[in-house]
Amino acid sequence: MAKQPRSIVVGVAGGIAAYKACHLVRDLKEHGDEVRVVPTPAALNFVGAATFEALSGNPVSTTVFDAVDEVQHVNIGQHADAVVIAPATADVIARIAAGRADDLLTATVLVATCPVIVVPAMHTEMWLNPATVENVATLRRRGITVMEPAHGRLTGKDSGPGRLPEPAQIAELVRTELDGYRIPHDWTSKKVVISAGGTQENLDPVRYLGNRSSGRQGFALAEIAAQRGAEVVIVAGNTAELPVPSGAKIRNVVSTADLEAAMAEESKDADVIIMAAAVADYRPALVADSKMKKGTADDALSSLQLVENPDVLKGLVAQRAAGELKEGVVIVGFAAETGDSTHTALEFAQAKFERKGCDVLMANEVGEGKVFGQTTSEGWILRRDSEPQVVAHGSKHVVAAQILDAVNQILS
């Protein structure tokens, strides 16, 4: 059955990042949703109304005095399924916090009863100014989602927090909220350490043993955790050059040994540890210093000798038991399973859950075209003394939101 299009209002404030709103509109449209762009008058100094009209297929206006007979300043907000403002300048955030309705965008927000997502973009000094900090806190108290800005290059030579996140990241967050998973800003005192992607075990300077993991699920978890306000560290193997979640710190690793060392270091003061990486179970017994030649006397490719890698998840559980981690830390594991003639994928995952000793296990049934490398996932969330929670097919951000909600129940 085809998905019913949702009505999304994209508000655009007057900042240099306004051009990125064009990519956001296209992303939302390509996923089948209806989009209405409502810019501020200042935004049209950066991107013309004709561009927004061409991309959205809807008329663009900035004032409450347009289409008065249609009561446009009320109708747009009343019929929206979501309102996202990207970029949101310090001025727009201040006006929304004050309850102003002096242009079509702020009037639309004041009318809207749907999810409202505000995506700040401004210079670092403006973002950190006490007035902006207080205005953002006001919006969050009222139930408005305010995304954490990205760190990076700003206008001119400046760099720091205040950069607009990538349009694809914004679009995923909007769709997550539209699917019913509102993201509270309730983990401001938490540190979350997440492993992501696949590890690679070198055979020689050219070849390695690896897997199909893209890192998307780990990065989706990091995105949602960061938006909940947590300090997030990603220990990343091969992650297909995914955009780093806003405000997250990333440590790149290659092998399972590298990942184990980084996780041990970063997890010492963590409140939540999530092992989402697809860790190689085995590594070559010997790594050649030069490229191994096919068909030679010393050809080792035809009969590789492998040794077992350490179980990083089980090791972290053991560290907790030994008192080497923060008291009360919640540990989450993943199980990528296939069924066979004797057991289902879920049964194999339940057995692994018992062996690993973690608090939560996300189980996926994997295979050709399933989970690895995909933008969607499904499976089961396993917890102690609970029946398996079925996770329906959905985006990896929606799955991430459900996993973190399960973690939050334990933290609470």
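**Sheets and the helices packed on them**

In this predicted model, eight strands make up an open sheet of mixed pairing, in the order β12-β11-β8-β13-β16-β17-β18-β19. Its edge strands are β12 (249-252) and β19 (389-395), each of which pairs on one side only. On average, and with direction ignored, neighbouring strands of this sheet are turned by 20° against each other.

Within the sheet, strand β8 (residues 191-196) runs parallel to strand β13 (residues 272-275), and four bridges join the two. In this pairing Val193 stands opposite Ile273 in β13. Helix α13 (residues 396-411) packs on the sheet, where it touches β13, β16, β17 (360-365), β18 and β19. The direction of α13 makes about 145° with that of β19. Another helix, α9 (residues 216-227), lies across β8, β11 (231-236), β12, β13, β16 (330-337) and β18 (376-383). Helix α9 runs at about 165° to β8.

A second open sheet has five strands with parallel pairing, in the order β2-β1-β3-β4-β5. Here the edge strands are β2 (34-39) and β5 (145-146), and each pairs on one side only. Although β2 is an edge strand, β2 is mostly covered, with five of its six residues buried.

Strand β1 can be followed to both of its partners. With β2, β1 pairs in the parallel sense over six bridges, and Gly11 stands opposite Val38 in β2. With strand β3 (residues 82-88), strand β1 (residues 7-12) again pairs in the parallel sense, over four bridges. On that side Gly11 stands opposite Ile85 in β3. Helix α4 (residues 90-97) lies across β3 and β4 (116-120), and runs at about 140° to β3.

Ala150 stands opposite Arg163 in β7. The hairpin of β6 and β7 has five residues between the strands, and in it Gly156 takes a positive phi near 70°.

**Helix against helix**

Two packed helices are described by the angle between their axes and the distance between the axes. For helix α1 (residues 20-30) and helix α2 (residues 49-56), the angle is about 15° and the axes are 9 Å apart. Angles under 35 degrees count as roughly parallel, so α1 and α2 are roughly parallel to each other. The crossing in which α1 passes α2 is right-handed. On the α1 side the contact involves Ala21, Cys22, Val25, Arg26 and Lys29, which meet Thr51, Phe52, Leu55 and Ser56 in α2. By class, this contact of α1 with α2 has five nonpolar, two polar and two charged residues.

Helix α10 (residues 256-266) and helix α11 (residues 312-321) pack at an angle of about 25°, with axes 10 Å apart. By the cut-off of 35 degrees, α10 and α11 are therefore roughly parallel to each other. Helix α10 passes α11 in a right-handed crossing. From α10, the contact takes in Thr256, Leu259, Glu260, Met263 and Ala264, while α11 supplies Val312, Leu316 and Gln319. The residues in this contact of α10 with α11 divide into five nonpolar, two polar and one charged.

Conventions
Residues numbered from 1 in each chain as written. Predicted model: local features only at pLDDT ≥ 70, side-chain atom pairs only at ≥ 80, totals over all residues. Heavy atoms only, no water. Axes fitted to C-alpha atoms, helices over the stretch in contact; angles between N-to-C directions. Parallel < 35°, antiparallel > 145°, perpendicular 65-115°, else oblique. Left-handed = near helix turned anticlockwise from the far one by under 90°. Contact = heavy atoms within 4.5 Å. Nonpolar A, V, L, I, M, F, W, Y, C, P; charged D, E, K, R; others polar. Pairing = 2+ DSSP bridges. Buried < 20%, exposed > 50% of the residue type's maximum accessible area, 1.4 Å probe, protein only.
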